[in-house]
Amino acid sequence: MYVELVEDYENIFLNFNQTLRVQKAMIKTINNDGMYAPVIICDICGKAIDNASLAAVIDCERPNVGEMTEVRHVHKGKCHDLADARWSELPWAEMDVHLLNLINNVGSSLEKLQEVREARNKVGIENWGKI
Ligand SMILES: [Zn+2]
């Protein structure tokens, strides 16, 4: 058990260092048996985040008023701890709060998304895009 944890930690740390060098987009699309599904990838371990309640979003810097910054998406726990060790001075938010704000800021709403869900359910495509 301990060896597995150490190996897992080493793999995460390796991914963490690679992520720091590459800084690539972390919202991706995965081919899920012929269906394409959007996923948010953890910037530390490189795995998909599949539970927003167990994830966080970290700003890459503190931008001035009117300026923007990139963000990092991380699993809470080990991944967030590694990110916090590197960027502890930077603000972070709960993934759920970040996604709610994102929905509003792209001009959508939870009500609109519910309408889309219901329309998809009516034609039997409610699971398209899910992993
Ligand atoms: Zn992770």
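This briefing covers the fold, the sheet, the packed helices and the nonpolar core of the chain shown above. The model is predicted. Its secondary structure comes to four helices and five strands. Of the 131 residues, 14% count as buried.

**Overall layout**

- Along the sequence, the elements follow the pattern α-β-β-β-β-α-β-α-α.
- Take the contacts between residues at least 6 apart in sequence: 59% of them join residues at least 24 apart.

- β3 (55-59) pairs with β4 (residues 71-75) over five bridges, in the antiparallel sense.
- β3 also pairs with β5 (residues 92-94), again antiparallel, over three bridges.

**Residue partners across the strands**

- Ala56 has Val74 as its bridge partner in β4.
- Val57 has His73 as its bridge partner in β4.
- Ile58 stands opposite Arg72 in β4, and Ile58 also stands opposite Trp92 in β5.
- In a regular strand, side chains alternate between the two faces of the sheet.

**Burial of the strands**

- In β3, four of the five residues are buried, so this strand is largely enclosed by the rest of the structure.
- β4 is likewise largely enclosed by the rest of the structure, because four of its five residues are buried.

- Helix α2 spans residues 78-87, and its buried residues are Cys79, Leu82 and Ala83.
- Why do these residues share a side of α2? They cover an arc of only 95° around the axis, which puts them on the same side.
- The face turned away from the buried side of α2 carries Asp81 and Ala85, both exposed.

**The nonpolar core**

- The largest nonpolar core has 13 residues.
- Which of its residues touch the most other members? They are Cys42, Ile44, Ala56, Val74, Cys79 and Ala83.
- β3 and α2 are the elements that give two or more residues to this core.
- β3 gives the most, with four residues.

**Contacts of Cys42**

- Neighbours within four places in sequence are left aside here.
- Cys42 is then in contact with Lys47, Ile49, His73, Val74, His75 and Cys79.
- Among these contacts, Val74 and Cys79 are, like Cys42, core residues that touch the most other members.
- His73, another contact of Cys42, is the β4 bridge partner of Val57.

Key:
Residues numbered from 1 in each chain as written. Predicted model: local features only at pLDDT ≥ 70, side-chain atom pairs only at ≥ 80, totals over all residues. Buried ≥ 20, exposed ≤ 12 C-beta atoms within 10 Å, placed from the backbone. Arc of directions from axis to C-beta. Core = buried A, V, L, I, M, F, W, Y, C linked by C-beta atoms within 7 Å. Contact = placed C-beta atoms within 7 Å. Pairing = 2+ DSSP bridges.
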